Amino acid sequence: MEEDVDGDMADVETLNYDDLDCVSKLQKTQRYSDIMQKVEDALEKGSDISNQGLVLEDDPEYQLIVDCNALSVDIENEIIIIHNFIRDKYRLKFPELESLVHHPIDYARVVKKIGNEMDLTLVDLEGFLPSAIIMVVSVTASTTSGKPLPEEVLQKTIDACDRALALDAAKKKVLDFVESRMGYIAPNLSAIVGSAVAAKLMGTAGGLSALAKMPACNVQLLGAKKKNLAGFSTATSQFRVGYIEQTEVFQTTPPALRMRACRLLAAKSTLAARVDSTRGDPSGNTGRALREEICKKIEKWQEPPPAKQPKPLPVPDSEPKKKRGGRRLRKMKERYALTDMRKLANRMQFGVPEESSLGDGLGEGYGMLGQAGNGKLRVSVGQSKLAAKVAKKFKEKNYGSSGATSGLTSSLAFTPVQGIELTNPQAHAHQLGSGTQSTYFSETGTFSKIKPT
């Protein structure tokens, strides 16, 4: 464990050196030279079919492919180290360039093309970067705070760019060799995504066994680049998509369904890689079956939804429907019934204009209200049966209908003479209809003859 820590610290220290040979050491190793020589010889000789009867692990060509996958990962790491070296040196000249161009190889090409030139209008970057990024780089370079590099630093930067481009070319040669053998090494994976994409996936993952152990969500991201849109719309940009976007199935899918197709391709590619890692189907029939399944699913997604079937009307019932009846329903109908005033307002007399709230037919119309009389909105209001019952019930509740007195009525009276006096509270009510009042103010009473004294 301590040796690993010491090794990591040594690598960190080498990044601080100004000498490129102290930073980048891969190209001078014997392993790199041997593998690249074998790859060149194999590409010149072509595929050797005589070894296909051997077990996969015993096949020397398979061992070379495994070494190539491991070397491609080392080349990728070496390119990143050289990219950091170039970025540290060129930051004095154009500090904003590293935030505009993220990919290491593109950055190395642009730095080598620009050099010490301060006016970028004289530098043709067409073919190195997209046109939108070229415009942003040109505008940013006109306002940059950088200064031209010394000749010695510039030469080191250009040498580092050449070394990064040479490593990238070696990586492409390794991938070309792996691609030419993918029909034998991974027939099922090649049947789904193609030989080129299968080689790139294997090279990035570090071999077929490493690819088989990887989850589908990570396979989808293999080879994904960090994209700089420079403020432009993200509507058409495909984020979180790696080498799978180079497959034929992905390119022929409509843009609206490409992300779903990418997830489906990643899932099926992982299954095919697991079959290939165990040599489950050397003929590649499993991969072709998975590809057909993918194509059928994408076609199914593009089908229009089924048309709505016309819904027929229900058969009318000849029997009357069962409706609730009784005292409660009658009361409810009577409570919400139309009043006579509303009935008149809803009617219109033929040939007679109706009155309205704002006049001249504007506002709410009054219908036949007030047309039969003197122009006033009068309607004879008749008390409904419900209102009559409610009034009667309220009267019985207040005054009593069975002769019983109210509970608040007291038989005790306070008089100034005797103090508390026990009286009959109903006696006064009986006296109101008798005596002098009944004689003089009665409707049936007559004059009485008064005797002289």
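A residue counts as buried when its relative accessible area is under 20%, as exposed when that area is over 50%, and as partly exposed in between. Keep these cut-offs at hand for the tour. The model on screen is a predicted one.

**Stop 1**

Select Arg31 and Asp74. Their side chains meet in a salt bridge, at 2.8 Å from N to O. Arg31 belongs to helix α3 (residues 30-45) and Asp74 to helix α4, so this pair ties together parts that are 43 residues apart in sequence. Is Arg31 buried, exposed or partly exposed? Its relative accessible area is 37%, and because this value falls between 20% and 50%, Arg31 is partly exposed. Asp74, with a relative accessible area of 27%, is partly exposed too.

In general, side chains of opposite charge can pair when their charged atoms come close. The structure holds 13 salt bridges, and the next stops show some of them.

**Stop 1: a pair within helix α6**

Go to helix α6, residues 104-114. Show the side chains of Arg109 and Asp106, which meet in a salt bridge at 3.9 Å, N to O. Now compare how each partner is classed. Arg109 has 29% relative accessibility and counts as partly exposed. Asp106 has 19%, and because the cut-off for buried is under 20%, Asp106 counts as buried.

**Stop 2: a pair within helix α16**

Move on to helix α16, residues 285-302. Select Glu293 and Lys297, whose side chains form a salt bridge of 3.9 Å, N to O. The two are four residues apart in this helix, so about one helical turn separates them. Glu293 is partly exposed at a relative accessible area of 30%, and Lys297 is partly exposed at 34%.

**Stop 3: a network**

Select Asp88, Arg91 and Glu98 together. Salt bridges link these three residues in a network.

**Stop 4**

Apart from its neighbours within four places in sequence, Leu211 is in contact with Leu189, Leu201, Met202, Ala205, Val219, Leu222 and Ala273.

**Stop 5: helix α11**

Next, select helix α11, residues 195-205. Its buried residues are Val197, Ala198, Ala199, Leu201, Met202, Gly203 and Ala205. Which helices do these buried residues pack against? They pack against α4, α8 (151-180), α9 (182-185), α10 (187-193), α12 (208-212) and α13 (216-219). Colour each of these helices to follow the packing. After α11 comes Gly206, with a positive phi near 95°.

**Stop 6: a cavity**

Rolling a probe the size of a water molecule over the atoms shows where empty space is left. How many cavities of 30 Å³ or more does the structure hold? There is one, and the largest cavity contains about 40 Å³ of space. To find the place, select Lys93, Phe94, Ile114, Glu117, Met118, Leu120, Ala141 and Thr144, which line this cavity. By kind, the lining divides into five nonpolar residues, one polar and two charged.

How values were computed. Residues numbered from 1 in each chain as written. Predicted model: local features only at pLDDT ≥ 70, side-chain atom pairs only at ≥ 80, totals over all residues. Heavy atoms only, no water. 1 Å grid on protein atoms, 1.4 Å probe; cavity = no way out; pocket = protein on both sides within 12 Å on 5 of 7 lines; lining within 4 Å. Points joined across faces, edges and corners; volume = space filled by probe spheres on them. Nonpolar A, V, L, I, M, F, W, Y, C, P; charged D, E, K, R; others polar. Contact = heavy atoms within 4.5 Å. Buried < 20%, exposed > 50% of the residue type's maximum accessible area, 1.4 Å probe, protein only. Salt bridge = Lys/Arg side-chain N within 4 Å of Asp/Glu carboxyl O.
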